[in-house]
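Here's a quick briefing to read alongside the viewer.

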Amino acid sequence: MKNNVNREIPDKILNEYHYEDFQSTDFLNPVIQRVAPKVTAQAGPSKVVDSIKQVVHDTVKDGMTISFHHHFREGDDVFNRVMREIIDAGYQNLTLAPSSLTNVMNDIVVEAIQKKTVTNITSSGMRGSLGDAVSHGALKNPVIFRSHGNRARAIEAGDIKIDVAFLGVPNADEMGNANGMNGAAAFGSLGYALMDAQYANQLVLITDDLRPYPNTPASIKQTQVDYVVKVDKVGDPDKIGSGATRFTKDPKELKIAKMVNDVITHSAYFKDGFSFQTGSGGAALAVTRFLRQAMIDNQVKASFALGGITKPTVDLLNEGLVDKVMDVQDFDKGAASSMKSSPNQQEIDASWYADPANKGAMVDKLDVAILSALEIDTDFNVNVMSGSDGVIRGAIGGHQDAAMANLTIISAPLVRGRIATIVPKVTTVITPGDSIDVVVTELGIAINPKRQDLIGQLDKVPGLPVLTIDELQQKAEKLVGTPKPLEFTDRVVALAEYRDGTLIDVIKEVKD
Amino acid sequence: MQIKQTAMAGTLESSDIQIMLSQGEKGITFDLTSDVKKQFGDAIKKTIQDVLASYQIDDVMVKVVDKGALTPVIKARAITVVQRAMDQKDQPNWEVL
């Protein structure tokens, strides 16, 4: 049957995995019964154990769900160490439920799949050799992709039941009081990991920096922690976050950034006390710089910046142009290192950030979100998951969540090489067109026809050509030609949930 | 017709295409590498075949490394490589151009 974004979801999938199909971006006001973790009480003087091998032996059993966070990103040393012990010990049928999977984790997950150590995966996304393996049918059960807000919801609702969470931290004391902002491998906010800390039945902290008790500020508290393991290294600081963020010189990115800035500043939302979220791409960083100047020129200050944080956003905080930075993760060293010295850079967990099933998430208070896309279709649906060859290479991240903003802007080049970005139909729908308001390309912008108010505000801005989304699509196709449709088998290799836990699309095995 | 010598045109920069022609005896054979092969493999071959046909070349081995080139780029590289392979690079075939 076809869901509300016109995607054919096989009945077999809906029935077998107990899904409802996607209906609406409106979550309404359901009453939700949350789950609670099992707690093994202890009162000893220390939780420090000798080795990962020992703690894996004490905690993991066949068939369990294990989780990790991805705050160390490409500098992660914890995931590989733990998975090595788990694979070598011969465990089978585990469900892997990390907040996301970065490239350094790919090869060992592929190995774990081949050895049947891991038979189920839920994640924000995946790329590289792992995405390739899954898209070619390596895993019998479909992977479930969830946004950061939806992962929080799924954990709270018991859709993801974490038996053991292995969380790497750059510091901890012998009882497990830990934060993400101090130590050699500091990464700033522990936002995504705080869900695991709160809901996992067993929580193992892995650190390379054991500090005197009590270690504060404590984002993860000793009340939540079962074991602390000391290792020589949890992460490579040079790969955790990119270094100094470079201001793009790419004229196309700059043009897009300037147009995004024009859209924001000419919208009714650009007024004192507004709020925004930007990503970490070249164009998004450039937008932050243009926006800074516009805020100074117009004497407008923002009440908060949300989400994944970069140094340019922290600079706005330090300049007094932004009152608060609400920080679920840090993309670069500048943002990570400023958290400890800046009381207005508030660490928030994934639920507070973006979960629809709570008593209010920050994304619902968000005015402007600037997001990227691999593909956008003429119904404004966005794909951030499947590459141009149909292979999984992306992550939902907070895309579906931040798109709840009053003004959601997708910034993307019209074409990348010979691949059109604006297409008649996206390969995979991740974020529904209903939550997208403006698409900005170097050739012009398209406004969702549902937003007549925005059309009125942006219609006559100099240097901001307003086209229909169909016109943009036709311009792209004229440039690159008409592609031959991708071929897939009937086998479903991944399920893409919407942030409310309904099924928005399925991803099928690629045919080579 | 066959070509006179092995020839190459184009680079491996993004949005370019590198085409190499070498002598063949059994029609036109393609060895195509491209990130967009699934979507545009046939279109790339067709563009090159049309150029070869306009020079009446029907026996040649074509090795292509495409980096997402648009059709006009492919056509320009194909014409260049054919002129080089026919040893006519100083006498452009204006009717083809």
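This is a predicted model: local features need pLDDT of at least 70, side-chain atom pairs count only at pLDDT 80 or more; totals for chains, interfaces and linings use all residues.

Chain A carries 16 helices and 26 strands, and buried residues account for 56% of its 512 residues.

**Overall size and fold**

- The C-alpha trace of chain A spans about 70 × 55 × 45 Å along its principal axes.
- A compact globule with 512 residues would have a radius of gyration near 24 Å, and the 22 Å of chain A agrees with that.
- If you take the contacts in chain A between residues at least 6 apart in sequence, 75% of them join residues at least 24 apart.

**How H4(A) and H5(A) pack**

- In general, a pair of packed helices is described by the angle between their axes plus the distance between those axes.
- Here the pair is helix H4 (residues 106-114) of chain A and helix H5 (residues 128-135) of chain A, whose axes come within 7 Å and cross at roughly 30°.
- Angles under 35 degrees count as roughly parallel, so that label goes to H4(A) and H5(A).
- As for handedness, H4(A) and H5(A) make a left-handed crossing.

**Who touches whom**

- On the H4(A) side, the contact uses Asn106(A), Asp107(A), Val109(A), Val110(A) and Ile113(A).
- Across from them, H5(A) brings in Gly128(A), Ser129(A), Leu130(A) and Ala133(A).
- Sorted by type, the residues of this H4(A) and H5(A) contact come out as five nonpolar, three polar and one charged.

Technical notes
Residues are numbered from 1 along each chain as its sequence is written. Chains are lettered from A and ligands numbered from 1 in the order in which they are written. Helices (H or I, at least four residues) and strands (E, at least two) are DSSP runs, numbered from the N terminus. The radius of gyration is taken over C-alpha atoms; the globule rule is 2.2 Å times the number of residues to the power 0.38. A residue is buried if 20 or more other C-beta atoms lie within 10 Å of its own, exposed if 12 or fewer, and partly exposed in between; C-beta atoms are placed from the backbone. Two residues are in contact if their C-beta atoms, placed from the backbone, lie within 7 Å. Axes are lines fitted to C-alpha atoms, for helices over the stretch in contact, and angles run from 0 to 180 degrees between N-to-C directions. Angles under 35 degrees count as roughly parallel, over 145 as roughly antiparallel, 65 to 115 as roughly perpendicular and the rest as oblique. A crossing is left-handed if the near helix is turned anticlockwise from the far one by less than a right angle, and right-handed if clockwise. Ala, Val, Leu, Ile, Met, Phe, Trp, Tyr, Cys and Pro count as nonpolar, Asp, Glu, Lys and Arg as charged, and the others, Gly among them, as polar.
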